[in-house]
Amino acid sequence: MSKSILGLDKKDSANLVDNLNGLLANFQIYYQNLRGLHWNIKGKNFFELHVKFEEFYTDSQVKIDDIAERILTLQGKPLHTFTDYLEVSSVAVGKDISNDVEAVELVVNSLSELLKIERDILDLSDKADDEGTNSMMSDFIAEQEKTIWMLNSWLGK
């Protein structure tokens, strides 16, 4: 078994890099959706949601950088073009959304998709004894589960 500079199996690390690149692509789509929602939201909930979407995209920007740096730490190369992101992502692209309920539902659906990917990566990183990736995914998951609960409460669900 060949080991990386981190002492991890190179094949496991390569598999994690592929999956982290998938997460990176999905986060980039999610981030861009949030920017569009922030810019285009209308209605009685404008002030509340305008600020909330900015909070979410600012947080996503940090996570995107963390994911890319983790890929580099694992000796991989992060995806960096929107062509790559669109080819790899499963998060729906939200276009021209200005309705509050539709906007919040897009965020909930996007976060649910990100959670699926993160849980897969959590399982892979656990099997690979990659505590760095494992810890990152655990933190992301806990935060996003709470956000989904809060947004669903806002939706009355």
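A: Let us begin with a term we will need: rings of Phe, Tyr and Trp (its six-membered ring) count as a pair if their centres lie within 6.5 Å, and a pair whose planes are over 60 degrees apart is called edge-to-face. Please keep in mind that this is a predicted model.

Q: Okay, and how many aromatic pairs does that rule give here?
A: The count comes to five aromatic pairs. One of them joins Phe 27 and Tyr 30, whose ring centres are 6.0 Å apart with 80° between the planes, and this pair is edge-to-face.

Q: Where do Phe 27 and Tyr 30 lie?
A: Both are in helix H1, three residues apart, which is about one turn of the helix. H1 itself covers residues 10-40.

Q: Is Phe 27 buried or exposed?
A: Phe 27 has a relative accessibility of 1%, so it counts as buried. Tyr 30, with a relative accessible area of 4%, is buried as well.

Q: Which other ring does Phe 27 pair with?
A: Phe 27 also forms an edge-to-face pair with Phe 140, at 6.0 Å centre to centre and with 65° between the planes. Phe 27 belongs to helix H1 and Phe 140 to helix H5 (residues 131-155), so this pair ties together parts of the chain that are 113 residues apart in sequence. Phe 140 counts as buried too, because its relative accessibility is 6%.

Q: So which residues make up the cluster?
A: Phe 27, Tyr 30 and Phe 140 are linked into a cluster by ring pairs.

Q: What lies over the face of Phe 140?
A: That is Lys 63, which lies at 5.2 Å from the centre of the ring. There is another arrangement of this kind at Tyr 57, where the charged end of Arg 35 sits over the ring, 4.2 Å from its centre.

Q: Changing topic to the helices: at what angle do H2 and H4 pack?
A: Helix H2 (residues 46-73) and helix H4 (residues 100-127) pack at an angle of about 15°, and their axes are 12 Å apart. Since angles under 35 degrees count as roughly parallel, H2 and H4 are therefore roughly parallel to each other. Their crossing is left-handed.

Q: Which residues meet there?
A: From H2, the residues are Leu 49, Phe 53 and Phe 56, and they meet Asp 100, Ala 103, Val 104 and Val 107 in H4.

Q: And how do H4 and H5 pack?
A: H4 and H5 pack at an angle of about 155°, with their axes 9 Å apart. That makes H4 roughly antiparallel to H5, because angles over 145 degrees are counted that way. H4 also passes H5 in a left-handed crossing.

Q: What does Ser 98 touch, leaving aside its neighbours within four places in sequence?
A: Ser 98, which is found in the loop between H3 and H4, is in contact with Asn 40, Ile 41 and Lys 42 once those neighbours are set aside. The C-alpha atoms of Ser 98 and Lys 42 are separated by 5.4 Å, although these residues are 56 residues apart along the chain. Ser 98 counts as partly exposed, because its relative accessibility is 28%.

Q: How far apart are the C-alpha atoms of Thr 73 and Gln 144?
A: They are separated by 24 Å, and the two residues are 71 residues apart along the chain. Thr 73 lies in helix H2 and is partly exposed, with a relative accessible area of 35%.

Q: One more: where is Ser 4, and what is it in contact with?
A: Ser 4 lies in the segment before helix H1. Apart from neighbours within four places in sequence, Ser 4 is in contact with Lys 10, Ser 13 and Gln 75. Its relative accessibility is 10%, so Ser 4 counts as buried.

Note on methods
Residues numbered from 1 in each chain as written. Predicted model: local features only at pLDDT ≥ 70, side-chain atom pairs only at ≥ 80, totals over all residues. Heavy atoms only, no water. Helix = DSSP H or I, 4+ residues; strand = E, 2+ residues; numbered from the N terminus. Buried < 20%, exposed > 50% of the residue type's maximum accessible area, 1.4 Å probe, protein only. Contact = heavy atoms within 4.5 Å. Phe/Tyr/Trp six-rings, centres within 6.5 Å; stacked < 30°, edge-to-face > 60°. Lys NZ or Arg CZ within 6 Å of the ring centre and 35° of its normal. Axes fitted to C-alpha atoms, helices over the stretch in contact; angles between N-to-C directions. Parallel < 35°, antiparallel > 145°, perpendicular 65-115°, else oblique. Left-handed = near helix turned anticlockwise from the far one by under 90°.
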